[in-house]
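Please keep the sequence and the coordinates at hand while reading.

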Amino acid sequence: MRYLLFFVLLVFVGCNPIPKKDKHPDVPQLIELLKDESKFRKVTDMTGLSGLVFLNDDRILLKPDNSNSPLKIIDVNKNIIFEKIYNWEQPFYIDKQGNLYFNGKKFFYPDYGKQEDFKMMVIADSLHKKSEELKDLNDSLQMDALKKYEVEMLKPYGLKPCPYTIVNTERCDVFRVINQTLVVRQTDLFKSELDITKTEIPKFDDDVLIGWRNGKLPSLDYLAYYELKKQRFKCDDMTVPKTVTLKGKQYFFAPSLGLYQILF
């Protein structure tokens, strides 16, 4: 323990973790700058949301942060195109064409009015259900029966059982439509094949350490300095602001702050 503490101390000293003053006190904080309606038009903040997913055209899917709220798809003018409660315990998939798969249905792009029933299989759930059916068998017989069941279950999809391992699990991940079935073999039940290009905003100066964040393990708190179209601003280095182009117009995006149209 003494050597561990000594090593941590050496690392801290080497990183020079002594807080410094803000190098640009005259530069506005991003959170305040976004309130300036002459510079930014808010499309959506992150209130009640866990994330944004950019779809085809100027569509944005708003992922709620709790299962009692509906997911929504809006355009950049805040018009609601689609709204529905979904079952968080089932997979949610967006294909490259913008079609949605959830609640056991396929919703067709562009207006999602057309829909059809769609088979979905979460492999872990199927194995768990089968295991419950076999619980009266001894461990050895149960394991053999479960292995045979998994082999037969995966055959129609061209898949084989995945080795049980705690490393390199990504090679076993499956989340795609196979033989008109949405097949899922991974922990995360949400996936989008659409990934619109986002551009990093350049910095005009190096980040500066201004303090410490409290928590179970204290962490360093850095202030980052950005410049967008000659407009300078500063924010926490974890904000990671970017720009995205929708319908030929430039928008500001940060996962923790939301989406804003740039007006300058």
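How many residues lie between S4 and S5 in their hairpin, and which residue in the turn has a positive phi? The model is a predicted one, and in it five residues separate S4 from S5, with Lys 78 in the turn at a positive phi of about 75 degrees.

Strand S4, which covers residues 71-74, pairs with strand S3, residues 60-64, in the antiparallel sense, and three bridges join the two. Within this pairing Ile 60 has Ile 74 in S4 as its bridge partner, and the hairpin that S3 and S4 form leaves six residues between them.

S4 is also paired with strand S5, residues 80-84, again in the antiparallel sense but over four bridges. Here Leu 71 is found opposite Lys 84 of S5.

Helix H3 runs over residues 123-133, and its buried residues are Ile 123, Ser 126, Leu 127 and Ser 131. Because these residues cover an arc of only 135 degrees around the axis, they lie on the same side of H3. His 128 and Lys 129, by contrast, are exposed on the other side of the helix.

What do the buried residues of H3 pack against? Their partners are strand S10 (119-122), helix H4 (139-154) and strand S12 (181-185).

## The second largest pocket

The second largest pocket holds about 170 Å³ of space. Its lining consists of Ile 31, Leu 34, Lys 35, Glu 37, Phe 40, Lys 42, Asp 45, Leu 257 and Tyr 260. Sorted by class, five of the lining residues are nonpolar and four are charged, while no polar residue takes part.

## Gln 231 in strand S17

Gln 231 belongs to strand S17, which spans residues 231-236. Is Gln 231 buried or exposed? Its relative accessibility is 16%, and therefore Gln 231 counts as buried, the cut-off for that class being under 20%.

When residues up to four places away in sequence are not counted, Gln 231 touches Pro 28, Leu 33, Lys 39, Tyr 226 and Phe 264.

Technical notes. Residues are numbered from 1 along each chain as its sequence is written. This is a predicted model: local features need pLDDT of at least 70, side-chain atom pairs count only at pLDDT 80 or more; totals for chains, interfaces and linings use all residues. Side-chain values use heavy atoms; hydrogens and water are left out. Buried means under 20% relative accessible area, exposed over 50%, partly exposed in between (1.4 Å probe, protein chains only). The arc is that of the directions from the helix axis to the C-beta atoms. Contact means heavy atoms within 4.5 Å. Two strands pair if DSSP finds at least two bridges between them. On a 1 Å grid over the protein atoms alone, a cavity is a set of points where a 1.4 Å probe fits but cannot get out, and a pocket is an open set with protein on both sides within 12 Å along at least five of seven lines; lining residues have an atom within 4 Å of a point. Grid points are joined across faces, edges and corners, and a volume is the space filled by probe spheres set on the points. Ala, Val, Leu, Ile, Met, Phe, Trp, Tyr, Cys and Pro count as nonpolar, Asp, Glu, Lys and Arg as charged, and the others, Gly among them, as polar.
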